[in-house]
Amino acid sequence: MSGKKKSRSKQPANRNLTDLKRGEAGILDRIELPPDESRRLMEMGFVPGHTVVPAHAAPGGDPRVFRVDGSEIALRRETAVRLILRPDESATG
Amino acid sequence: MGDCHNCPVATLPPPPVQIRRRVVAIVGPPNSGKSTLFNRLTGLRQKVANFPGVTVEHRMGRVKLDAGREVYVVDLPGVYSLDPRTEDERVTHDVLSGAMKDMQRPDAVLLILDSTNLSRHLLLAAPVLSLGLPTLVILNMADDLQSRGGTIDSTELGMQLGAPVALVSASKGNGVEKVFQFLSGATLGAAAKAPLIELPVLQDIPKCRAWAAKVGNKTKYHAPAPPIWTRRLDSVFLHPVVGPLVFLLVVIAVFQSIFYGAQPLMDAVDAAREASGQWMGAHLSNAALRSLVVDGIWGGVGSVIKFLPQILFLFLFIGVLEDSGYLARAALIADRTMARFGLQGKSFIPLLSAYACAVPAIMATRTIENKRDRIATILIAPFMTCSARLPVYTLVIAAFIPQKPVLGFLLGAQAAVLLGLYVLGFLAAILTARLLKSTVLKSSRSSFVLEMPPYRWPTLRSLTLRLFDRSKVFLRRAGTVILAVAIVIWVLAHVPLIGGAPPAIAKSFAGQIGHAVEPVIQPLGFNWKIGIGLITSLAARETIVSTLGTIYGMEGSEHSLGLQQALRQDLTPAGAAALLVFFAFALQCMSTIAVVRRETGGWKWPAIQFGYMTLVAYVFAFLTNRVISFWV
């Protein structure tokens, strides 16, 4: 519900990985990608319910490394926007 | 699912005798150390590096056990699950399910998991254990786990999973004796014990992950602290400003030392060749034999062997970059550029390994899921500057480019030109990718998911082995293909005999062939001697160096002149530049053509690739020659 983001009028609750600041934790809710791709991401640690923390990025901010389930996984922005966070952002670990 | 009709996986011919032998498969997630363990067990040298997806083929090795018994182990490509989506994952799937042609189903499994990341890696334990084969669960990198303060109750884990568990450090060799015990058969053949904890049946990842968490809890798994040094190094290497700067410095340092660092060693090799050639010349009384040995073989093959130190320098650098884990970061930094040209991130690692040689690079494309992306990567890989181009580049650059600094002490002119040629190859690769992806090989962009491995010190053992293997490959080529071509060229340059004496080289068969192609290559600024070299370089690029060595070696009067001086008499600066450009683009490598045919399953793509690259090489060499002649 943090309305600080630009003009995201439609669904403020649907924050995704790219809305997290570096070092800020978020809890993954779902992956909005075709089954094959979301399976692959889940195998890499992006399982709903897990905490994800953005870390370093390539110059220009894309792709970015995310810390999840004990690993560091780099994702392009276009993928990261499909990883939707749980709305209650206060409940982080 | 289990049936695979037309998997384009290379298979060796079936072994002649069908003895029932014991086969144990090594299974594990990518970058968990399977190949390192394989090498430990078998004493073989499967390629390893610190990034995911190095092994793309199954490989067998024999492990000698006590009392003369032996068992075969198969090293498999890394998988996160037993649900194949890429060519390399299919190899693992087919071997484990017994669907691989000419290979029996394994009798047992070594399941290797990274102990520092156990919760996630346990995901693979469920499907592997439910195969019902006797399995040893190996928790690798146990030394890392310990030093970073992680713990696990491995006995309890064994009880929970119903399979023996061994804590191992495959790179240091700690705990490997337990693997040998398992292989000796204490547990081999015995039915697996029922696990205490029920294995999840469904391939539902959230459920599997919850199961893994439960196993972790019961076995008091305490994940290690985050690797502090990796984070510190990443804050430098992935810094928005410092990161790319370091990247650039690394690249410059590599080229500078390839060019200048290797020079004293190369001179030493050359001096040794010269001295031994003279010594042999003095001891061979038969004139024809002397000419064959000294000029044909020694002058030809020797002029290529000279470049061994330089190639070893290159591989030393590649080795350090690969083993340390920096390559994954380089892939990250380069991803945006790659994406702009329609390539996906996964293409980056095959393309990087093409700097060594296009053949393993083309094999490495098996990790790319999308068929069209894979073919596009295969087609552009030979544009990357492979190590066989290095002798040609060095020879021509040393002959034509003066030795003066460009960036102060950082970069000399010769190294700068060399760097430029590498950039040229890279540009040709990505521009071709762009062309392919916007025309015949269109596909939707697929995602870039790359795991960043923790940094590790490259071990001296691993680096030495790499250099040793590389020398073997290089010398074997020199002793086979290049030697054969050198002898053929020497013979062709000595017939037909005129009045019992060999003809002047221009009148020989070799000379006639050279003159026959001269009209075609003359617009590029090449004469008939270069023409002979170009024809022989179709076998392998560096052969042009040995051929020119042989030809010039025979031109009696010029014998004292080095290859470099001889080249300066035969090529204009514009022609030399055109020659460099031609070699940057042309596909002169039989092994590459053969591997492309095998991996794409037909002659169509290798034919297109050869035609396209030759055309590009010709057109750009022509333009280079024209433009530079106009200026100079």
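**Ground rules.** I number residues from 1 along each chain as its sequence is written, with chains lettered from A and ligands numbered from 1 in the order in which they are written. For this predicted model, local features need pLDDT of at least 70, side-chain atom pairs count only at pLDDT 80 or more, and totals for chains, interfaces and linings use all residues, while side-chain values use heavy atoms, with hydrogens and water left out.

**Entry 1, aromatic pairs.** I looked for rings of Phe, Tyr and Trp (its six-membered ring) with centres within 6.5 Å; planes under 30 degrees apart count as stacked, over 60 as edge-to-face and the rest as tilted. Over all chains, I found nine aromatic pairs. One of them joins Phe383(B) and Phe585(B) edge-to-face, 6.1 Å centre to centre and with 80° between the planes. I then checked where the two partners lie, taking helices (H or I, at least four residues) and strands (E, at least two) as DSSP runs numbered from the N terminus. Phe383(B) is in the loop between helix H17 (371-380) and helix H18 (389-400) of chain B, and Phe585(B) is in helix H25 (residues 573-585) of chain B, so the pair links distant parts of the chain, 202 residues apart.

Phe383(B) is buried at 0%, and Phe585(B) is buried at 5%.

Next I looked at Phe526(B) and Phe582(B), whose ring centres are 6.3 Å apart with planes at 90°, so this pair is edge-to-face. Phe526(B) sits in the loop between helix H21 (509-521) and helix H22 (528-536) of chain B, and Phe582(B) in helix H25 of chain B, 56 residues apart. Phe526(B) is buried, with a relative accessible area of 2%, and Phe582(B) is buried too, with 10%.

I also noted one aromatic cluster made of Phe383(B), Phe585(B), Tyr612(B) and Phe620(B).

My test here was NZ of Lys or CZ of Arg within 6 Å of the ring centre and within 35 degrees of the ring normal. The charged end of Arg232(B) sits over the ring of Trp229(B), 4.8 Å from its centre. Arg329(B) has its charged end over the ring of Tyr455(B), 4.1 Å from the centre.

A core is a set of buried Ala, Val, Leu, Ile, Met, Phe, Trp, Tyr and Cys residues joined through side-chain atoms within 4.5 Å. Which members of the largest core touch the most others? Of its 116 residues, they are Leu418(B), Phe526(B), Leu534(B) and Phe582(B). Helix H19 (residues 413-438) of chain B gives the most to this core, with ten residues. Leaving aside neighbours within four places in sequence, I found Leu418(B) in contact with residues including Phe255(B), Phe259(B) and Tyr393(B).

**Entry 5, chain A.** Chain A has two helices and five strands, running β-α-β-β-β-α-β from the N terminus on. Of its 93 residues, 51% are buried.

Terms used: Buried means under 20% relative accessible area, exposed over 50%, partly exposed in between (1.4 Å probe, protein chains only). Contact means heavy atoms within 4.5 Å.
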